[in-house]
Amino acid sequence: MSRTLIIQVSVGNTHGYVYDKIPAAQEAAGLFDQICVPTVKRYADKHGYDYKMITEYPQDIDITFFNRNTKGVDHDYSKGGKNKCSTLIRYLALDQEDYDNVVTVDCDVWIPEWAEKLPEINGHMGVQDKGKVWNIPHHGKFINGGVQMVDQRAGKSLSEFVRDKCKRKELPPMHTDQAYMNEWRSKNGSISHVIDKKWNFMVGCHGRTFDYSDCNFVHYAGGDGRGIFLQDLKKGIIK
């Protein structure tokens, strides 16, 4: 029987980016730990997956260069600002010898009780982010990093690829960790797959809906997503 690990990351005293100048962002970010994270744990328990929340920066490599500021690892990002380097941690954690598959899930993802078991995982699997403009032709479709599924081989390869970028402090042409992942996918097309949006339904990329019955993972990404999260919470949609 295959073993699967679900990983989330929370460092810098926040469970997601706090977008400056967006009033809903700070309020929403403060609620993800209470509202969304427990649904990911519930999902893992229900389907027999292991779960881990990473709460510390890596000790063996410096990733703070990615923030392009002078703030250290002890900085409190809950008051505002994007701790962009925090999202690099999910890639570094993909190399797990004790697991056949690893799934990374952002802390702003709600998993409803009706969510299906994970699909069979082959290579690297992710959902296209139609909200991103990606002007590097060879990369093709831009894949969102909020939910990623990898088998052991792909996880090790992608982890090593990002680790090498960090060692060399090489910033991507588009300032997002997802640029590293999309570059890796462009070099590993045979094991890179696009899956149905129900596995990472980015609320800001589709028409406004209050019916998520066809979705497995609902992702309140971005500044607009924070506002939609608060609306859905107030309406009692998130349970």
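**Close-up views of a predicted model**

**View 1. Met125 sits opposite His193 of strand β7.** Strand β5 (residues 124-126) and β7 run parallel and are joined by 3 bridges. Two strands count as paired if DSSP finds at least two bridges between them. Helices (H or I, at least four residues) and strands (E, at least two) are DSSP runs, numbered from the N terminus. This is a predicted model, where local features need pLDDT of at least 70, side-chain atom pairs count only at pLDDT 80 or more, and totals for chains, interfaces and linings use all residues. Residues are numbered from 1 along each chain as its sequence is written, and side-chain values use heavy atoms, leaving out hydrogens and water.

**View 2. An open sheet is formed by 6 strands.** Their order is β2-β1-β3-β6-β5-β7, with mixed pairing. β2 and β7 (192-194) are the edge strands, each with a single partner, so one side of each has no neighbour in the sheet.

**View 3. Helix α3 (residues 37-47) has Val37, Thr39, Val40, Tyr43, Ala44 and His47 buried.** Buried means under 20% relative accessible area, exposed over 50%, and partly exposed in between (1.4 Å probe, protein chains only).

View 4. After α3 comes Gly48, with a positive phi near 80 degrees.
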